[in-house]
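Q: I have a protein model open and would like to learn how to read it. Where do we start?

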Amino acid sequence: MKTISGQCSCGEIAYHYPAPAVQIVACHCSLCRRMTGAALSSYVVVKSAELVFTQGQQLLKTYAVTSHTQRHFCTACGTSIYNTNQEKYTGLSMLYLGTVNLHESLSPRMDIYCENKLSWLSITDSSRHFENTPTRP
Ligand SMILES: [Zn+2]
Ligand SMILES: [Zn+2]
């Protein structure tokens, strides 16, 4: 896999990640569903220390979703860029897959919180289904 880059919908914020993703997950938990407004949420998990904002970092704002989960979004256009969870996923950033360039080539390797998956949503590859989070991604 090549390096990862991406941007928000208005293009003011852009980022670059020099290495392959740590993990790519589709999350079916109800918190992500509310947070994103989507039936499922897809994340490209990267090491926070290596994630570089090439422009617009000053436009990022952080919203505390829970006591340990934070959502980081563009204040110009509202696009969610990434989430962090200091308690469960220390040192990692969960980039919203839709903000990544070439996101078509980054398919989820795990589906997590499948017990909360919407019944009308079908996932063809059941080998990557997990209840809750089996391990640190
Ligand atoms: Zn933006
Ligand atoms: Zn979730």
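Q: Which residues have the most contacts inside the largest nonpolar core?
A: Keep in mind that this model is predicted. Its largest nonpolar core has 20 residues. Those with the most contacts inside are Ile4, Tyr15, Val44, Phe53, Ile81 and Leu95. Strands E2 (14–17), E4 (41–47) and E8 (80–85) each supply at least two residues of this core. Apart from it lies another core, of 14 residues, including Val25, Tyr43, Leu92 and Ile112.

Q: What is Val44 in contact with, leaving aside its neighbours within four places in sequence?
A: Its partners include Ile4, Ala21, Ile24, Leu95 and Leu106. Gln23 and Ser93 are also among them.

Q: Which protein donors does the zinc ion (ligand 1) have?
A: Look for the atoms around the metal. Here they are the SG atoms of Cys8, Cys10, Cys74 and Cys77, lying 2.3 to 2.4 Å from the ion. Their spacing in sequence is C-x1-C-x63-C-x2-C. Cys10 sits in the loop between strands E1 (4–7) and E2, and Cys74 in strand E7 (residues 69–74), so this pair, 64 residues apart, links distant parts of the chain.

Q: Why is the arrangement around the zinc ion (ligand 1) tetrahedral?
A: Start with the ideal. Four tetrahedral donors have ideal angles of 109.5 degrees at a metal. Around this zinc ion (ligand 1), the 4 donor atoms subtend angles of 102 to 116 degrees, which makes the arrangement tetrahedral.

Q: Is Cys74 buried or exposed?
A: Cys74 is buried, because its relative accessible area is 0%, under the 20% cut-off. Cys10 has 37% and is partly exposed.

Q: What are the protein donors of the zinc ion (ligand 2)?
A: They are Cys27 (SG), Cys29 (SG) and Cys32 (SG), at 2.0 to 2.3 Å. Both Cys29 and Cys32 are buried.

Note on methods: Residues are numbered from 1 along each chain as its sequence is written. Chains are lettered from A and ligands numbered from 1 in the order in which they are written. This is a predicted model: local features need pLDDT of at least 70, side-chain atom pairs count only at pLDDT 80 or more; totals for chains, interfaces and linings use all residues. Side-chain values use heavy atoms; hydrogens and water are left out. A nonpolar core is a set of buried Ala, Val, Leu, Ile, Met, Phe, Trp, Tyr and Cys residues joined through side-chain atoms within 4.5 Å. Buried means under 20% relative accessible area, exposed over 50%, partly exposed in between (1.4 Å probe, protein chains only). Helices (H or I, at least four residues) and strands (E, at least two) are DSSP runs, numbered from the N terminus. Contact means heavy atoms within 4.5 Å. Donors are N, O and S atoms within 2.8 Å of the metal (3.2 Å for Na, K and Ca); water is not among the atoms, so sites may look incomplete. Four donors count as tetrahedral if all angles lie between 85 and 135 degrees; four count as square planar and six as octahedral if opposite donors are over 155 degrees apart and all others between 65 and 115; anything else is irregular.
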